Structures are given as C-alpha cells and as structure tokens.
Amino acid sequence: MPVDSLPKVIIYSFHVPLFFILSGYLLNTNRTYAEFIKKRFTSLMLPYFLFAVISSVYYLLPEN
C-alpha cells in the first residue's frame, strides 16, 4: 500500500465503524422480525421483479 496523506488515513480508519454505529442508532426496533422482513421484501424485491418483467418484455419484443 502506498503512503497516503494523513487526512485520508484518518478518514479511512473510522468510516466503516461509523457507518455501523449510525445504522444501529437509526434502526427501528418497534417492529417484529416478520414485519421487518415483509417491509424489506416489498421495498427491495417488488421494484426488482417489476423491472425484471418490464425488461424481459422489452427484450422479447421483435426487432424492426
């Protein structure tokens, strides 16, 4: 690893732990695990499947 500037070394030494601390702080614990999974599924997988269906239809259309 090449010698980096001091500010870059300082920032890289704590940015990942800071992310985990902030994400744990912002975690909502008022929901059950099943509610959490359902919400995450609908917010992540529903757009994924919608995009997959739309792109599949687009690619299956005949070219002119």
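These are my notebook entries on a predicted model of one chain.

**Ground rules.** I number residues from 1 along each chain as its sequence is written, and side-chain values use heavy atoms, with hydrogens and water left out. In this predicted model, local features need pLDDT of at least 70 and side-chain atom pairs count only at pLDDT 80 or more, while totals for chains, interfaces and linings use all residues.

**Overall form.** I looked up the secondary structure and found two helices and zero strands; helices (H or I, at least four residues) and strands (E, at least two) are DSSP runs numbered from the N terminus. The radius of gyration is 21 Å, well over the 11 Å that the globule rule gives for 64 residues, so the chain is more spread out than a compact globule. That radius is taken over C-alpha atoms, and the rule is 2.2 Å times the number of residues to the power 0.38. I boxed the C-alpha atoms along the principal axes and got roughly 55 × 40 × 15 Å.

**Surface.** Buried residues make up 2% of the 64 in the chain; buried means under 20% relative accessible area, exposed over 50%, partly exposed in between (1.4 Å probe, protein chains only). The accessible surface is about 6,600 Å², with 72% of it on carbon and sulfur atoms. Areas come from the Shrake-Rupley method with a 1.4 Å probe, and for residues only the protein chains shown count as cover.

**Helix α1.** The expected span is 1.5 Å times one less than the number of residues. I noted a kink of about 35° at His15, shortly before Pro17; a bend is the angle between axes fitted to the seven residues ending at a position and the seven starting there. Tyr12 sits in α1, residues 6-25, and is exposed at 56% relative accessible area.

**Helix α2.** This helix, residues 33-60, has 28 residues and reaches 39 Å from first C-alpha to last, close to the expected 40 Å. I found a bend of about 30° at Thr42 in α2. Ala34 lies in α2 and counts as exposed at 57% relative accessibility. Ala34 and Val16 are 18 residues apart in sequence and 28 Å apart in space, C-alpha to C-alpha.

**Before α1.** Ser5 belongs to the segment before α1 and is partly exposed at 43% relative accessibility. From Ser5 to Val57 I count 52 residues in sequence and 50 Å in space, C-alpha to C-alpha.
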